[in-house]
Amino acid sequence: MRINERTVRTGAAWTAVAATLPYLMLKLLWLVGFSVGADNAEALDKLWVPNLLSFGMDAIAFALALVFVRPWGRRVPAGLLAFPMWAATGLLGTILIGVPVSLIADLVLGPQHIAAHQPDPGFSGLAGWVTPLVYGGFSVQGLALITAFLLYARRRWGALVRERIGDLPDSPSIPVQRCLACAAALLAVGVAAARCYWAAGGDAGLPPSLRDNGTRGPAVLDAVTAMMAIAAPLALLVLVFRFRPQRRLIWPALVAWTASGSLVGWGAWLMIMYGTTGTKVQDLHHAVPGLLPLVQCAQVVTGLLVLVAGALALTERGALASGRTAPATAVDVESPE
C-alpha cells in the first residue's frame with residue numbers, strides 16, 4: 001500500500017502543531033504568574049525573559065507547521081521561511097540527538113545523583129513531570145516538523161534533491177565562500193576542543209551553577225555541540241571545494257544546515273540564559289568574561305559563517321537557474337575580428 005506524500009506531510013505538520021501546545025500552555029501559565037510544576041515561584045520569576053523568548057520560539061514553530069499544511073504555505077517567501085526553519089532544525093535536531101544519548105547514559109551509568117545544594121536555584125525546583133513533558137514534546141515536535149519541512153522542500157525545491165556537488169556553479173563568490181569555510185573550521189576546532197573537555201568532566205571556565213551539580217544534561221549538550229562544531233564546517237568545506245563531486249548535494253547541505261543552526265541556536269540561547277539569570281557582577285574582576293561566554297560567542301560566529309557561505313552559494317545557484325546570471329567560467333568574449 002503506497003502512502004500518499006501529501007497525507008504524510010499533513011499528518012506530520014498537524015502532529016507538530018499538537019506537540020507545541022503543552023509547552024506553550026505551560027510557558028503561558030508561568031508568564032502570567034502561575035507556578036504550575038515549579039516549587040520555587042521566586043526563582044521562576046527570574047526566568048521571565050527566557051520564558052518569554054522560549055514561548056515566542058515555540059509559537060514560531062507552531063506557525064511553521066501551519067505553513068507546511070495550509071494552501072498558502074507555498075506562497076511564503078523562501079527567505080522568510082528558511083531562516084526560522086534553519087534555527088528550529090538546529091534547536092530541535094540537537095534535542096533529537098541529545099535525548100537518546102541521555103537515556104543511553106542513564107542505562108549504562110545508572111541514575112543521576114543530584115547534588116543536595118544547587119549553586120543557582122534558578123535552574124532547579126521543577127516537578128518531576130515537567131522535564132518528560134517538555135523534552136518529550138520537543139522530540140515529537142522535532143520529528144514531525146522536520147519531516148513536514150523535508151516533504152515541503154522536496155515539493156517546492158525538488159531540484160536540490162537530484163543535483164550533485166559538482167553541479168554547483170563556479171560562481172564569482174567562490175573565493176569568499178572558501179575563506180568563510182576555512183575561518184569557520186578554525187573557530188570550530190577551538191569550540192569542539194572546549195566542549196569535549198567539558199563533556200569529559202572538566203570544569204575550568206564554567207560558572208558555579210554548572211560545576212558538580214550531578215546532572216548529565218550539560219555534559220550531553222557539550223558532547224552534541226562538539227559534534228555539531230565539527231560537522232558544520234566539514235560539510236561546508238565539502239561543498240565549497242567540490243570534494244567528491246559525484247555525491248548527492250543534499251547530504252552535505254543537510255548536515256551544514258542542521259549543524260550550523262544548532263551552533264547558532266543553542267549558543268545564542270545559552271548566552272541569553274546565563275546573561276539574564278546567572279550573571280552577578282559584584283566588582284570589575286567579575287565583569288571580565290570567562291571562558292564559557294567566549295566559547296559560546298565563537299560557536300555562534302562559526303554557525304553564522306557557515307550560514308553566510310551557504311546563503312551565497314544557494315542565492316547564486318538560484319539566480320543561475322532562473323537565468324539572471326551565468327557561471328564565471330561560461331563568459332564568452334567576442335573576437336575583435
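The second largest pocket in this predicted model has a volume of about 1,300 Å³. Here a pocket is an open set of points on a 1 Å grid over the protein atoms alone, with protein on both sides within 12 Å along at least five of seven lines, and the volume is the space filled by probe spheres set on those points. Of the 40 residues lining this second largest pocket, Phe149, Leu160, Ala253, Trp257 and Leu314 sit closest to its centre; a lining residue has an atom within 4 Å of a point. Helix α11 (291-321) gives the most to the lining, with nine residues. Sorted by class, the lining comes to 29 nonpolar, eight polar and three charged residues (Ala, Val, Leu, Ile, Met, Phe, Trp, Tyr, Cys and Pro count as nonpolar, Asp, Glu, Lys and Arg as charged, and the others, Gly among them, as polar).

As for the overall fold, the protein chain has 11 helices and zero strands; these are DSSP runs, with helices (H or I) of at least four residues and strands (E) of at least two. Of its 337 residues, 40% are buried, where buried means under 20% relative accessible area, exposed over 50% and partly exposed in between (1.4 Å probe, protein chains only).

A search of the whole structure turns up one salt bridge, that is, a side-chain nitrogen of Lys or Arg within 4 Å of a carboxyl oxygen of Asp or Glu. Its partners are Asp222 and Arg195, at 2.7 Å from N to O. Asp222 belongs to helix α8 and Arg195 to helix α7 (residues 174-199), so the pair ties together parts 27 residues apart in sequence. Both Asp222 and Arg195 are buried.

Next come two arginines in the loop between α8 and α9, Arg242 and Arg244. Most residues other than glycine have a negative phi. Phi is positive in Arg242, though, near 60°, and also in Arg244, near 50°. Arg242 counts as buried at 15% relative accessibility, whereas Arg244 is exposed at 59%.

Out on the surface, Met25, Leu28, Val32, Phe34, Val36, Trp129 and Leu133 form a nonpolar patch. Patch members have over 30% relative accessible area and no salt bridge, and nonpolar side chains (Val, Leu, Ile, Met, Phe, Trp, Tyr) are joined within 5 Å. One of them, Trp129, is partly exposed at 43%.

Residues are numbered from 1 along each chain as its sequence is written. Local features need pLDDT of at least 70 and side-chain atom pairs 80 or more, while totals for chains, interfaces and linings use all residues, and side-chain values use heavy atoms, leaving out hydrogens and water.

Key. Patch = residues over 30% accessible without salt bridge, like charges linked within 9 Å, V, L, I, M, F, W, Y side chains within 5 Å. Areas by Shrake-Rupley, 256 points an atom, 1.4 Å probe, with all protein chains shown as cover. 1 Å grid on protein atoms, 1.4 Å probe; cavity = no way out; pocket = protein on both sides within 12 Å on 5 of 7 lines; lining within 4 Å.
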